[in-house]
Amino acid sequence: MCIRDRYQRRVREEWVEYYGDISASIDNDDYFELMIRNAWHISGGEGACQNTTCKRVLAKFRDGSERVVQIKDDIGMRSDDVEGMLARLRKQGYTNVMTIKLHA
């Protein structure tokens, strides 16, 4: 096992231990899931567990339609990085976005 693999394994073990300790003090599994999703910007979840921290933008599509879409994997992305957001949306499969609005 190389040093990098050992390091990653140790970091993962520490992460699991840390959040295991935290989860023991939280009575509601749904709330714990929401906390983890929001802290780490993990997309997904349903109902009360749905992530609320990932960036969302109003996307205008080539057919003239508009809808709010979530930008996944947005940790570290500047809130004014329009080109970066468009690139992430294309990577997510939104290839027909013309423009985005950051604020309503």
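Which residue forms a salt bridge with Glu 33? Here are some friendly notes to read beside the model.

1. **Before you start.** This is a predicted model, in which local features need pLDDT of at least 70 and side-chain atom pairs count only at pLDDT 80 or more, while totals for chains, interfaces and linings use all residues. Residues are numbered from 1 along each chain as its sequence is written, and side-chain values use heavy atoms, with hydrogens and water left out.

2. **The opening question.** The partner of Glu 33 is Arg 37, and their closest N and O atoms are 2.9 Å apart. A salt bridge here is a side-chain nitrogen of Lys or Arg within 4 Å of a carboxyl oxygen of Asp or Glu. Side chains of opposite charge can pair when their charged atoms come close. Both residues sit in helix α2, 4 residues apart, so about one helical turn separates them. Helices (H or I, at least four residues) and strands (E, at least two) are DSSP runs, numbered from the N terminus.

3. **How covered are the two partners?** Glu 33 is partly exposed at 28% relative accessibility, whereas Arg 37 is buried at 18%. The cut-offs are under 20% relative accessible area for buried, over 50% for exposed, and partly exposed in between (1.4 Å probe, protein chains only). Leaving out residues up to four places away in sequence, Arg 37 touches Ile 42, Ser 43, Gly 44, Gly 45, Cys 49, Asn 51 and Thr 53; contact means heavy atoms within 4.5 Å.

4. **The other salt bridge.** The structure holds 2 salt bridges. Asp 80 and Arg 78 also meet through their side chains, at 3.0 Å from N to O. Arg 78 counts as exposed, with 52% relative accessibility.

5. **Strand β1 and its partners.** Strand β1 covers residues 56–61, with Val 57, Ala 59 and Phe 61 on its covered face and Arg 56, Leu 58 and Lys 60 on the uncovered one. Two strands pair if DSSP finds at least two bridges between them. β1 pairs with β2 (residues 66–70) in the antiparallel sense over 5 bridges, and Leu 58 stands opposite Val 68 in β2. β1 is also antiparallel to β3 (residues 97–101), joined by 4 bridges, with Phe 61 opposite Val 97. In the hairpin of β1 and β2, 4 residues lie between the strands, and Gly 64 takes a positive phi near 95 degrees.

6. **The largest nonpolar core.** This core has 11 residues, among them Val 57, Ala 59, Phe 61, Ile 71 and Val 97. The elements that give two or more residues to this core are β1, α3 (82–91) and β3. A nonpolar core is a set of buried Ala, Val, Leu, Ile, Met, Phe, Trp, Tyr and Cys residues joined through side-chain atoms within 4.5 Å.

7. **Helix α3.** Its buried residues are Gly 84, Met 85, Leu 86 and Leu 89. The cover over the buried residues of α3 includes β1, β2 and β3. Just after α3 comes Gly 93, with a positive phi of about 105 degrees.

8. **A loop residue to look up.** Where is Ile 42? Ile 42 lies in the loop between α2 (29–40) and β1. With a relative accessible area of 36%, Ile 42 is partly exposed.
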